[in-house]
Amino acid sequence: MGVDKLIENKVGEEALKKIKVTRTKKSRIGEIDFNNLIFGKQYADHMLVAEFDGKEWKNAEILPFGHLSVSPSNAAWHYGQAIFEGIKAYKDQEGNPMIFRPYDNYARFNSSAERMGMPEVPEWLFIGGMELLIDLDRDWVPTNDGCSLYLRPFMIAADEFIGVRPSDTYKFVIINSPSGPYFNKPIKLLVQDKYIRAFPGGVGAAKAAGNYGGAMYPTMQARKQGYDQILWVDGLEFKYLQECGTMNVFAIIGNTAITPDLNQGTILAGVTRAAVMSVLEDMGLTVEERPVSIEELVKAYEAGTLREVFGTGTAASVAYVQELDYKEHQIRLDPSKYEVGNELLERLDAIRTGKAEDTRHWNYKVGTYSK
């Protein structure tokens, strides 16, 4: 959906009629060193909270950031009904906040909700509420290179009941975090050949909290060996690439960019992944979505045609891979020579910050409602 259409819809104005706004009495922004931001460590002044009572969303409010009161019998703790999204906001060259592709995240959020037996979140609450929140916290949007305001919308079950069934009630929250790069250097990947992230028919395509919880132990073991992340493979043949713990994966072989397809429902349909495919085509590369085996990467590396491997995600943006290990095979790459990755990142950053024309209308311009 293009920017003109978004403005025409006046989502923020609709949200303003339904969302109560309670401002903080004292901003914490003076406590933040914007020149030394760490990903996910600091949070902006406000958050959005709303409740689903079994029939409708109500009690939507933007209020000072703080703790939530949740019962020990909360169904989310016990049965894992919890989903989330990751979205980023930047400032354009005039200092106006822009959200990058929020409608793609909105669609994926509701797809995750359906898969997890949770209610759909309406547009006025997800998009409109996010716009109002960013408008209120617009001074928290960083402008340093590689930095952004990271937005975390999430929904959890809210029933105070420990019987095994879908919850009737839910809580929806959005928090904001001024953040620096997720990875500040090239990464090392271990191709996991024992543990599996997702199977066909499972919840691999949903951004469900349990997907990440199940990956913690194997990732801990990989980090003890000096790796940053795991590159998962399929659970049937243990040979086809899936995704990394926080990213989709791309390989540049010759003049072709290859990324695993989504047909099995085991890979998250990354919003950054979709943007990257479009930009790579603009750069003149052939882009292929298809099954990609680890053997194909090894053979391309041995033949000298594997030019680059990188991960893409909202948090990670474009993360260069310098090492990739699979059993006895070792792939060693030099990210300082990543011509495709460098140009890709420059083009994406230029679009997200308004330095380049947004021909695809990916940016949602935040209105002014808080003055």
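**Figure 1. Glu 343 and Arg 347 pair up along helix α9.** In this predicted model, Glu 343 and Arg 347 sit 4 residues apart in helix α9, so about one helical turn separates them. Helices here are DSSP runs of H or I with at least four residues, strands are runs of E with at least two, and both are numbered from the N terminus. The two side chains form a salt bridge, with the closest N and O atoms 2.8 Å apart. For a salt bridge, a side-chain nitrogen of Lys or Arg has to lie within 4 Å of a carboxyl oxygen of Asp or Glu. Glu 343 is partly exposed at 32% relative accessible area, and Arg 347 is partly exposed with 32% as well. The cut-offs, with a 1.4 Å probe and protein chains only, are under 20% for buried, over 50% for exposed, and partly exposed in between.

A word on the ground rules: residues are numbered from 1 along each chain as its sequence is written, and side-chain values use heavy atoms, leaving out hydrogens and water. Since the model is predicted, local features need pLDDT of at least 70 and side-chain atom pairs count only at pLDDT 80 or more, while totals for chains, interfaces and linings use all residues.

**Figure 2. Lys 188, Glu 323, Asp 325 and Arg 332 form one salt-bridge network.** These four residues are joined by salt bridges that share partners. One of the links runs from Arg 332 to Asp 325, with the closest N and O atoms 2.7 Å apart. What is the burial state of each of these two partners? Arg 332 is partly exposed, with a relative accessible area of 33%, whereas Asp 325 is buried at 7%. The total for the model comes to 18 salt bridges.

**Figure 3. Arg 290 meets Glu 288 in a salt bridge.** The N to O distance for this pair is 2.7 Å. Arg 290 is partly exposed, with 24% relative accessible area, and Glu 288 is also partly exposed, at 28%.

**Figure 4. Arg 352 is a buried arginine in helix α9.** Helix α9 covers residues 339-352, and Arg 352 lies in it. Its relative accessibility is 3%, so Arg 352 counts as buried. Setting aside neighbours within four places in sequence, Arg 352 is in contact (heavy atoms within 4.5 Å) with Tyr 90, Met 98, Phe 100, Ser 317, Leu 345 and Asn 363. Ala 75 is 277 residues from Arg 352 along the chain, with 38 Å between their C-alpha atoms.

Figure 5. Domain 1 spans 3-181 and domain 2 spans 187-337, with bounds from an automatic or database domain assignment. Their centres, taken over C-alpha atoms, are 28 Å apart. Domain 1 puts 17 residues into the contact and domain 2 puts in 16. Together they bury about 1400 Å², 63% of it on carbon and sulfur atoms; this is the accessible area (1.4 Å probe) that two parts lose on being put together, summed over both. Phe 84, Arg 108 and Arg 115 supply 41% of the area domain 1 buries against domain 2, more than any other three residues. On the side of domain 1 that touches domain 2, β4 (82-84), β5 (87-91) and α4 (102-115) each bring at least two residues, and α4 has the largest share with 5.

**Figure 6. Val 249 is buried in strand β12.** The strand runs over residues 248-253, and Val 249 has a relative accessible area of 3%. Beyond four places in sequence, Val 249 touches residues including Leu 231, Ile 258, Pro 260, Val 309 and Phe 310. Val 249 and Ala 319 are 70 residues apart in sequence, but 9.3 Å apart in space, C-alpha to C-alpha.
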